[in-house]
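Look at the fold below.

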Amino acid sequence: MTLQTEVDKRRTFAIISHPDAGKTTITEQLLLYSGAIRQAGTVKGKKSGKFAKSDWMEIEQKRGISVTSSVMQVDYDGHQINIVDTPGHEDFSEDTYRTLMAVDAAVMVIDTAKGIEPQTKKLFQVCAMRGIPIFTFMNKLDRDGREAIDLVGELEEVLGIDAYPMNWPMGMGKNLLGLYDIHNKRIELNLSEESEDDSIVSVDDDGQALGDHDFKESTIYSQALEEVELLSEAGNDFDAEAIASGQLTPVFFGSALTGFGVQTFLDAFVDFSPAPGPVETRDPERVVDPLEEKLTGFIFKIQANMDPRHRDRIAFVRICSGSFEEGMEVNVERTNKKIRLNNTTRFMADSRENVKAAVAGDIIGLYDTGNFQIGDTIYSGKEAVSFKALPQFTPELFMKVSPKNVMKQKSFHKGMEQLVQEGAIQLYKTWHTEEYILGAVGQLQFEVFQARLLNEYNSEVTMEAMGRKMARWIKEDDLDPKMSSSRNLLCKDRFGQPVFLFENQFALNWFAGKYPDVTLDSLLETE
Ligand code: G4P
């Protein structure tokens with residue numbers, strides 16, 4: 001098969017959601033529909049939806065698939081789908097954001113009872129910054145939730161993205177009659193598992209069900225039709241280009257738990273989500289086309305083994321062009337070192353084919369003994385390639401840190417410098433006294449930092465939590481040291497730039513009011 005055919009089949013995406021919205025359940029559904037778990041003989045019919053936990057774990061072991069693993073690759077409807085995990089909950093970290101730099105689209109799962117929740121909003125903003133398409137799945141329709149019209153309105157009001165409902169719920173919870181499929185001009189009925197009827201029903205020009213179905217008496221049906229009518233008059237138009245550029249999110253309703261609406265969603269997703277596209281480089285500036293023959297890629301995440309007996313790490317590479325073959329030699333742009341890529345298969349979530357080959361759009365995990373850093377470009381061939389730097393994200397949590405043993409300053413500084421450079425954590429110093437302050441977007445980063453400093457650099461540290469702060473950068477010309485107070489601590493970042501750590505929004509507003517001419521910048525607005 002040609003590189004073009006292979007690349008065109010790729011769909012690389014992440015699921016962004018707040019914990020408990022249903023990311024795991026919808027991932028399981030995708031594995032189910034893709035057949036990845038049918039082979040193990042667990043599927044009792046497409047509607048079974050959820051399988052027993054024990055079954056699931058057995059399958060994970062047999063097939064080497066893990067829902068908690070970093071990358072999953074499955075076939076769906078002639079496409080090769082790569083799902084890249086975005087760690088959430090207590091695992092939330094800068095890695096979660098950086099993972100979004102390695103995908104071509106995002107699926108945003110929202111709990112219909114809750115609407116947009118904080119973590120979803122933060123992750124959305126990172127995707128919006130990249131302009132990647134965002135597909136919305138309004139989940140848990142089998143339960144009573146908020147009105148559909150409210151939920152769609154919230155996308156526009158809270159996230160500022162235009163929305164286009166691809167389908168519309170007819171009732172919800174116990175009264176879920178089905179979905180009015182606006183895009184495919186049909187109805188999808190929510191039938192009981194025992195029902196032998198066809199769940200797909202055609203409609204006439206007025207939206208009335210054809211065949212034996214007559215919903216004229218149903219208030220749920222007529223209300224849904226009225227709303228659909230209203231949407232077609234007052235809502236956004238369908239626009240595939242606007243979807244591709246992330247300006248418009250197609251919205252789907254359904255239930256990941258029962259599987260209702262999931263296949264319709266997946267079918268539309270593979271149709272409208274993009275295959276891998278060109279990626280920009282710096283110095284010289286150009287774009288790397290995915291079909292260029294030479295392999296290029298960048299490292300967006302390094303997973304350190306937390307087990308002190310193994311010091312190996314896994315570097316995750318997003319392939320941007322060409323194809324990868326086991327054993328090939330690549331250059332690391334930063335160090336100019338040549339490295340032979342063996343040992344890549346071990347870390348792939350899908351052990352079935354043992355990933356001897358991969359193409360643009362795929363993610364591979366490289367066994368790393370310290371050759372790679374986050375943001376590194378790798379390339380084959382003679383022409384050096386350097387992808388643009390990954391963005392930095394505004395930290396929200398801060399800790400004071402110092403070495404426990406003052407005699408071991410050297411290893412502390414070395415470890416600190418390397419981990420900061422690698423992107424594991426961010427480093428600040430108080431402006432005058434130069435005390436070390438660490439910044440992170442999730443608690444886990446501090447724990448990983450502490451453990452790695454001990455395991456890899458033999459340096460024990462004392463950490464003192466400072467809590468949540470709002471970091472805002474100011475121009476050095478605007479700086480007057482008098483501006484610093486206990487509620488807005490003046491620090492410098494690792495490049496020496498002044499940054500204030502504000503205690504809260506109130507302190508920030510107060511400062512902005514007092515110094516109206518000073519511009520306060522966050523690297524990236526994630527609040
Ligand atoms: P997450 O990965 O986004 O954190 O969410 P996950 O899929 O684990 O789902 C969180 C909870 O919501 C689970 O229930 C799951 O069964 C439930 N859930 C997911 N999708 C749906 C849906 O479409 N409808 C309904 N009613 N529930 C849904 P749990 O009780 O916390 O876990 P479990 O005991 O069922 O595993």
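Which residue is the bridge partner of M138 in strand 11? The partner is F253. Three bridges join strand 5 (residues 134–139) to strand 11 (residues 248–253), and the two strands run parallel.

This is a predicted model: local features need pLDDT of at least 70, side-chain atom pairs count only at pLDDT 80 or more, and totals for chains, interfaces and linings use all residues. Residues are numbered from 1 along each chain as its sequence is written.

Seven strands form an open, mixed sheet in the order 2-3-1-4-5-11-6. Strand 2 (71–76) and strand 6 (162–165) are the edges, each pairing on one side only. The twist averages 30° from one strand to the next. Two strands pair if DSSP finds at least two bridges between them. Helices (H or I, at least four residues) and strands (E, at least two) are DSSP runs, numbered from the N terminus.

Contact means C-beta atoms, placed from the backbone, within 7 Å. Axes are lines fitted to C-alpha atoms, for helices over the stretch in contact, and angles run from 0 to 180 degrees between N-to-C directions.

| Helix 5 (residues 118–130) | touches strands 1, 4 and 5 | about 145° with strand 1 |

**Helix on helix.** Helix 2 also packs with helix 9 (residues 262–272) at about 80°, with axes 11 Å apart. The contact involves I26, Q29, L30 and Y33 of helix 2, and V262, Q263 and L266 of helix 9.

Technical notes:
Two residues are in contact if their C-beta atoms, placed from the backbone, lie within 7 Å.
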